[in-house]
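Please examine the structure shown below. The briefing that follows covers a loop residue, a sheet and a helix.

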Amino acid sequence: MKVSHIRSQILVLPEADPLANSPENPDAARPIVILRIGTDDGIEGIAVTFYGGAMTRSLKAAIDDLGALAIGEDPLRLEAIIAKLRAAAGGSGPEGVFTLALAAIDIALWDIRGKALNQPIWKLLGGARDRVPTYASGSLRRSLSLDEVVTAAGRLKEKGFREAKMQLALPGPTSPTKEVERAQAVRGALGPDIKLMCDINQRWRPDEAIDIGRRVEDAGVGFFWLEDVTAHDDYAGLARVNAALATPIAGGELVYGIVQPAGGQPRHPGNPQPSGRGGAERIDRRIHGLDAAIVRGHSRLRQWRVGIVRSAGSRPHL
Ligand SMILES: [Mg+2]
């Protein structure tokens with residue numbers, strides 16, 4: 001089997017919130033790039049990548065340039081193709097648009113592999129389990145009003161979600177009082193039995209993370225984890241926050257390799273997103289270096305979302 005052609009296209013999606021119908025901005029759009037890799041056997045691999053923002057056309061061009069180099073290759077020799085593309089890309093990687101583009105090619109090649117072998121990818125990756133926990137992410141966002149976020153949390157509970165994630169680090173000057181009030185309000189709407197995670201998206205300084213994190217702990221909110229509490233590459237800051245709080249600290253969404261920071265590390269490197277972070281090949285390597293992996297599911301566009309969670313005691317924390 002040989003790769004015979006590639007075809008990419010930009011699709012502009014509304015930034016909808018299908019989980020709780022609580023979009024921050026109903027007019028907002030998110031452009032993504034869809035890739036189809038065809039073979040002479042008639043099998044077609046489909047992938048999606050995004051995070052290109054205003055550079056989405058550049059991302060598409062990068063996919064086209066890299067994908068052209070896969071034409072004529074055996075798509076089942078995925079590692080050889082990825083190595084060829086990495087070498088051809090020179091110093092444009094490993095981060096940024098190069099990796100976003102490589103992710104689409106990698107995912108499409110995995111899709112071809114699954115179709116050629118008539119097996120789902122989760123089995124080809126090892127198939128450790130046949131059911132996985134999921135959490136509702138993207139509904140409890142920081143720009144919603146307090147009333148809106150409480151309403152959205154109630155909808156998630158009504159729908160039967162057992163786990164959900166909210167955002168803190170609210171717009172405007174930081175007010176620890178407002179942060180705690182919002183965390184308590186969401187917890188109140190969800191009740192005590194739903195796991196509640198919280199994403200800061202790198203918006204706090206370490207001292208703010210420690211201060212607000214302690215206040216939230218004292219208020220009894222009981223976050224399952226606090227995510228990306230400060231700049232993703234401030235490993236010393238992350239270690240300080242991690243040491244100061246009882247709440248597990250998550251990170252890794254913007255990490256492109258295995259990190260072993262000096263002086264400690266986040267207790268839960270997590271949330272790599274293959275569509276944006278290098279594809280299944282990269283994830284596969286990480287799985288071998290970590291304790292546990294959760295495949296969270298496929299979207300209709302075959303986007304893979306894999307979360308890797310590692311606990312302080314090397315015990316998978318699912
Ligand atoms: Mg995140």
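Where is the place of Gly53? Gly53 lies in the loop between strand 3 (44–49) and helix 1 (56–68); helices (H or I, at least four residues) and strands (E, at least two) are DSSP runs numbered from the N terminus. This is a predicted model, in which local features need pLDDT of at least 70, side-chain atom pairs count only at pLDDT 80 or more, and totals for chains, interfaces and linings use all residues. Residues are numbered from 1 along each chain as its sequence is written.

**Gly53**
- Gly53 counts as exposed because it has 10 C-beta neighbours inside 10 Å; the cut-off for exposed is 12 or fewer other C-beta atoms within 10 Å, for buried 20 or more, and partly exposed lies in between, with C-beta atoms placed from the backbone.
- The C-alpha atoms of Gly53 and Ile32 are separated by 8.5 Å, at 21 residues apart along the chain.

- An open sheet is formed by three strands in the order 1-2-3, with antiparallel pairing; strands pair if DSSP finds at least two bridges between them.
- Strand 1 (3–14) and strand 3 each have a single partner strand, so one side of each is left without a neighbour in the sheet.
- Strand 1 and strand 2 (residues 29–39) pair over 11 bridges, and Ile6 stands opposite Ile37 in strand 2.

**Helix 7**
- Helix 7 (residues 206–218) has 13 residues.
- Its buried residues are Ala209, Ile210, Ile212, Gly213 and Val216.
- Just after helix 7, Gly220 takes a positive phi of about 75 degrees.

How values were computed. The expected span of a helix is 1.5 Å times one less than its number of residues.
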